[in-house]
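Please look at the sequence and the model first, and then work through the answers in turn.

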Amino acid sequence: MAATSFHALLRLALLAGVCLPVQALAQTPTELESIEVQGVFDDGQGPFEGYAPEASVSATKGGRPIMETPQAVSVVGADFMEDTAARTVTEATRYAPGIRSETYGNDARNDWFLLRGFTSQVSSYFVDGLALKSSDSFATWKMNPYLLERIDVLRGPSSSLYGSSNPGGLINMITKRPTGETSGEITTGINEHGRGLFGIDAQGVAGRSGDWAWRFVASGNAGETEFDLIDDDGFAIMPSLTWTPSEDTTLELYANVQSFSTNGQNFLPYVGTEVDAPFGRIDPETFTSEPGYDSFERTQAMAGYEFEHRFNDRVTVRQNLRYAHLDIDFTNVYGGGYAAGSPTATNADLARFNFITTPKLGLFSVDNQAEVLADTGPLSHTMLFGVDYAHFDLDDEAGFELAPSLDLLNPVYSGITAPTTRYSDQETVQQQLGLYVQDQIEYGNWDLVLSGRSDFVDTDIDNNIGADSSQSSEALSGRAGLMYGFDNGISPYLSVSRSFLPVIGTDSISGDAFDPETGIQYEAGVKYQPAFLGGGYIGLSVFDLTRENVVTSDGINFNRQIGAVNSQGFELEAVGQITPDLKFVSSYTWYDLTIEDGNPVEIGNAPTGAPEQFASLWLDYTVPQGALEGVSVGGGVRYVGRSYADTANTLEVGDTVLVDAALRYEKDAFAAALNVSNLFDETYVAGCSSPTACFYGEGREVGLTLSYRW
């Protein structure tokens with residue numbers, strides 16, 4: 001779509017957002033049967049029943065109703081994760097708009113995802129409001145979804161509150177905390193590959209007046225995957241303790257330790273996966289690394305606290321502090337295309353590379369906030385003043401060398417030892433200080449959100465095999481959003497936001513240190529909360545997002561900060577209850593992702609691995625009474641549109657339709673669930689980052705889960 005036509009669409013959306021409510025008000029109202037939904041109060045960070053949350057804490061760092069938030073935000077709750085048997089964060093977000101997970105197929109190592117078309121897991125992975133910053137190496141974090149109460153997906157630049165992050169948005173995973181109840185759950189299960197799992201979630205209260213509350217969550221899994229010689233083992237333990245000495249003061253202490261053990265991902269050529277080679281297609285179960293050598297081990301631990309004190313009805317202070325540590329040990333042999341350039345009917349030797357990396361990462365984060373409520377005449381203000389600081393310390397080394405090729409038609413593994421030389425061996429220390437302020441202004445049905453932030457970033461690199469370096473950068477980011485809530489439940493909004501992301505390195509021609517990468521977005525949207533969706537809502541957002549100062553190539557030299565990529569599109573979301581017993585989640589996302597500056601041969605094309613559209617629908621029905629009372633049936637359809645395997649956009653990865661299903665039965669304290677993902681066992685390529693790096697998606701997986709609650 002040309003830029004002019006898109007801006008015309010944007011103007012049309014703005015006009016529709018204003019005119020449709022007026023037209024709706026002018027029509028004769030139709031009285032519809034209301035659906036009463038009873039459940040716990042949703043404060044934006046705790047549990048909520050069903051699929052439709054009332055509020056989100058992430059968009060404004062306060063429990064603001066989603067219908068009063070002038071930003072595209074989606075929430076995946078614990079009920080949905082349980083109903084769909086999500087075993088990873090990427091599986092949990094399969095049905096959300098704007099976020100494309102599983103971009104590298106069924107990769108058990110990491111939570112890979114795109115937000116509004118941009119790779120985001122490195123800088124936009126947040127837990128409990130604090131970033132779990134990683135790096136372009138394999139120093140990456142991963143969360144077990146059994147520890148999570150909800151996942152907030154913020155779409156669009158969010159640096160005005162959170163500092164350095166990807167312009168496409170961020171995900172904020174909110175962990176389970178004590179609720180002041182006495183309850184528990186034990187769950188166990190197994191899937192068709194023999195991968196077993198268990199979980200325990202117990203909580204209670206203590207103290208003479210119940211001012212102490214505790215919760216203990218643990219989860220584990222072990223067993224094989226659908227791919228030959230690739231296992232997926234792990235465990236997680238998360239205790240937490242809440243002290244409430246008075247109704248105005250709360251202190252929450254928490255810790256969690258997680259360990260993951262798996263293997264590397266298969267890097268396969270485009271020819272032989274997405275399209276036929278002379279010999280046909282590569283068997284999706286083929287293992288392309290080396291048994292006994294290939295290993296991915298991650299151990300991560302974190303501990304911290306959240307403190308809140310309310311001085312009076314107008315002033316509240318908070319502090320969120322955490323230290324996290326990460327160890328990775330990764331040895332892998334991965335594919336680099338066919339050794340002979342092109343395969344034949346009898347020759348399919350895969351060229352391979354031997355890789356090792358052992359990063360260690362420490363991350364200290366603290367966020368201090370003061371919230372002040374005030375009135376100025378007819379205006380009501382919720383003001384937020386904040387200072388945050390992060391200290392990132394990464395000690396990383398990596399080695400690389402050629403490895404023997406592998407016959408994909410008849411794999412014979414040769415045995416390999418780790419590379420002895422290192423192409424990278426350095427310690428990176430980065431400190432970031434951020435000052436931010438936000439004012440949420442209410443005037444009648446109008447809601448205005450203004451946010452501004454200033455960041456100061458210092459980076460020092462102690463290089464053991466090259467020159468040391470250091471650089472400093474400053475950046476301003478901000479957001480302005482305006483929304484009007486009509487009495488009929490329709491709320492149109494406008495927003496503009498700006499992001500920044502520090503970039504380490506120097507320009508290969510000028511030698512100048514890189515400036516921060518920036519992003520600017522213009523967005524218009526409409527949110528609608530009709531009575532017939534039982535507290536649910538419908539949301540439409542239209543946006544124009546440009547990412548600038550991207551490090552790329554000028555066609556001759558690499559490491560040039562001359563790139564720009566534009567993402568235009570719209571997202572549609574609807575969640576709620578059609579009847580008291582029928583819940584649903586649905587979404588549709590469309591992008592026009594275009595390289596605007598950089599390598600001349602790539603300008604005007606789309607980046608690799610980013611589908612131009614995707615959509616989903618999940619329905620879940622519970623039989624309310626009769627002989628089948630307690631039975632629930634769920635089903636979903638996921639559509640992923642085409643993408644490209646090369647920046648010239650000549651190699652197309654086709655679209656895919658996948659079907660999921662669920663059958664559950666609950667009786668008193670017992671529950672059993674049978675879940676099937678990719679019901680028809682569709683063989684497909686989830687994405688390609690290059691013509692030599694394509695990844696099969698997850699095949700059919702059948703899993704049985706048994707639970708007991710008290």
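Q: Over how many bridges do β17 and strand β18 pair?
A: In this predicted model, local features need pLDDT of at least 70 and side-chain atom pairs count only at pLDDT 80 or more, whereas totals for chains, interfaces and linings use all residues. Residues are numbered from 1 along each chain as its sequence is written, and side-chain values use heavy atoms, with hydrogens and water left out. Strands are DSSP runs of E with at least two residues, helices are runs of H or I with at least four, and both are numbered from the N terminus; two strands pair if DSSP finds at least two bridges between them. β17 and β18 (residues 349-357) pair in the antiparallel sense, with Gly335 having Arg352 in β18 as its bridge partner, and the number of bridges is seven.

Q: Which residue in β19 stands opposite Val317?
A: β17 also pairs with strand β19 (residues 360-376), in the antiparallel sense and over 13 bridges. Within β19, the residue opposite Val317 is Ala370.

Q: How many bridges join strand β16 to strand β17?
A: A hairpin joins β16 to β17 through four residues, and Ser295 stands opposite Thr331 in β17. The two strands, β16 at residues 295-310 and β17 at residues 315-338, run antiparallel, and the bridges that join them number 16.

Q: Is Arg116 buried or exposed?
A: Arg116 is placed in the loop between β5 and β6, and its phi is near 50 degrees, a positive value in a residue other than glycine. Most residues other than glycine have a negative phi. Buried means under 20% relative accessible area, exposed over 50% and partly exposed in between, with a 1.4 Å probe and protein chains only. Because its relative accessible area is 0%, Arg116 is buried.

Q: Why does Ala85 count as buried?
A: Ala85 lies in the loop between α2 (78-83) and α3 (89-92), and has a positive phi of about 55 degrees although it is not a glycine. Ala85 counts as buried because its relative accessibility is 14%.

Q: Which residue in the turn between β33 and β34 has a positive phi?
A: Strand β33 (residues 656-667) and strand β34 (residues 670-677) run antiparallel and are joined by seven bridges, with Asn675 in β34 as the bridge partner of Ala662. The two strands form a hairpin with two residues between them, and the turn residue with a positive phi, about 55 degrees, is Asp668.

Q: What distance separates the C-alpha atoms of Asp544 and Ser567?
A: Asp544 lies in strand β26 (residues 537-552) and is buried, with a relative accessible area of 6%. Asp544 and Ser567 are 23 residues apart along the chain, and their C-alpha atoms are separated by 6.0 Å.
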